[in-house]
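The structure is shown first.

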Amino acid sequence: MTAVTDARTRIVLRAAQEIQDGMNVNLGIGMPTLLADHTAHKQNVMLQSENGLLGIGPYPKPGEADADLINAGKETVTAVPGASFFDSAESFAMIRGGHIDLAVLGGMEVSEQGDLANWMIPGKMVKGMGGAMDLVHGAKRVVVIMEHCTRNGDSRVKRTCTLPLTGARVVHRLITDLAVFDVTSAGGLVLVELQPGISLDQVTAATEARFTVADQVTQQSA
Amino acid sequence: MSQVKVKTSFAEAVADVADGSVLIVGGFGLSGCPEHSIAALRDLGVKDLVVVSNNCGVDDFGLGLLLKNRQIRKMVSSYVGENKLFEQQYLSGELEVEFTPQGTLAERMRAGGSGIPGFYTATGLGTPIAEGKEVREFDGREFLLERAITGDFALVKAWKGDAFGNLVYRKSARNFNPLAAMAGRVTIAEVEELVDVGELDPDEIHTPGIFVQRILAGGSYEKRIERLVEQAA
């Protein structure tokens, strides 16, 4: 495994633990979609796809893909027993109306106030926000997952975001390949967990944002 | 007025779309996209279109055809990632884009078709899309005023439909289609199967025919898959 793949695997494995039995969960496109593989053993978890599906199933068997059944990342999927289809307005009624227990989104930058930027780099790259701006205000809990640093080694965990925001003060928890942070209700990052094999010094060196350290920092074994 | 709505060709169905028309187009990615109506618009060659649609197809299919042909002046969309032509035309300033969050876009269409001029949502607060918009507090929380959208025409794709314009969609290809149908002053529906009136169970109809002005069967559908992902064999 390359170092990058290793970092992403670590993030995904840790983030999957955020999904509890009985939750209705929206997984953002990209890395968050990979969490779906780790929900099979959970009870009654329904994955929502904001294009209009509650109850995403596994990818189709070879030859059984259906152009009319895709997830928010436009990948062919299946629907689990108990799934439902609906239009986009109803889908976002679920999201805005507070019916989604957990949203896991990818990030480009997160600030120490819990701001999230993940939809464009001015002049260089534009993807659009898709449903992310709705999700960060509508889901009961917002978890952002991202690699801690850019390829150049710059911290993505910022004092203030430099990129256009997806939402201000919306992140509840940030999971990176180095650590897990919670955003306090007053605004401010608290380091609550170190990823396996990572030291507090490593996190401090790699982090632009100011953060405090919880009284009891946990660390799972590798 | 329940008139005969069935058209015999896509050229006829889109003939009065004009330069500068505002089009609301259903579909999410290529799923549920009205591929035949779009192809007819490309052949018609109308320019300066304002297109309201969540995405803009891919470079050589769906709305991407109109983009490639430089027929679109402005897009109202939520997500355009993975569409190189779109990104190029936007970053070069050739194409005007009004980025609208996906849920806000859906609700703007629904409101437009429902006679509701605007609504408040927390979505977009503190971001570039809030610029110039009214912020109002309700119960101690701030919300943005978003305006409804209507279009001169709406292009939608359904699975089955009848001569009254009643529509049934299939699986997640429903997406924005019912909302687009509501928001068009003239809604053009293309269906895989045009069935006899009475054949659709009234309980199963997703879009009542009152929202549809023209309907026609598309014949063969390519239904291109943007990202084929399968389990390992």
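## Cysteines

The count over all chains of this predicted model comes to zero disulfides. A disulfide requires two cysteine sulfur atoms within 2.5 Å. The sulfur of A:Cys149 has its closest cysteine sulfur in A:Cys161, at 15 Å, which is too far for a bond. A:Cys161 is buried, its relative accessible area being 16%.

## Aromatic pairs

Over all chains, the structure holds five aromatic pairs. One of them is formed by A:Trp119 and B:Phe99: the ring centres are 5.5 Å apart and the planes stand at 70 degrees, so the arrangement is edge-to-face. A:Trp119 belongs to the loop between strands S7 (116-117) and S8 (120-121) of chain A, whereas B:Phe99 belongs to strand S4 (residues 96-99) of chain B; the pair therefore joins two chains. A:Trp119 is buried, with 3% relative accessible area, and B:Phe99 also counts as buried, at 10%.

B:Phe99 forms an edge-to-face pair with B:Tyr90 too, with 5.7 Å from centre to centre and 85 degrees between the planes. B:Tyr90 counts as partly exposed, at 22% relative accessibility. Together, A:Trp119, B:Tyr90 and B:Phe99 make up one aromatic cluster.

## Charges over rings

In chain B, the charged end of B:Lys160 is positioned over the ring of B:Trp159, at 4.5 Å from the ring's centre. B:Lys157 lies over the face of B:Tyr221, with a distance of 4.9 Å to the ring centre.

How values were computed
Residues are numbered from 1 along each chain as its sequence is written. Chains are lettered from A and ligands numbered from 1 in the order in which they are written. This is a predicted model: local features need pLDDT of at least 70, side-chain atom pairs count only at pLDDT 80 or more; totals for chains, interfaces and linings use all residues. Side-chain values use heavy atoms; hydrogens and water are left out. Buried means under 20% relative accessible area, exposed over 50%, partly exposed in between (1.4 Å probe, protein chains only). Rings of Phe, Tyr and Trp (its six-membered ring) pair if their centres lie within 6.5 Å; planes under 30 degrees apart count as stacked, over 60 as edge-to-face and the rest as tilted. Helices (H or I, at least four residues) and strands (E, at least two) are DSSP runs, numbered from the N terminus. A charge sits over a ring if NZ of Lys or CZ of Arg is within 6 Å of the ring centre and within 35 degrees of the ring normal.
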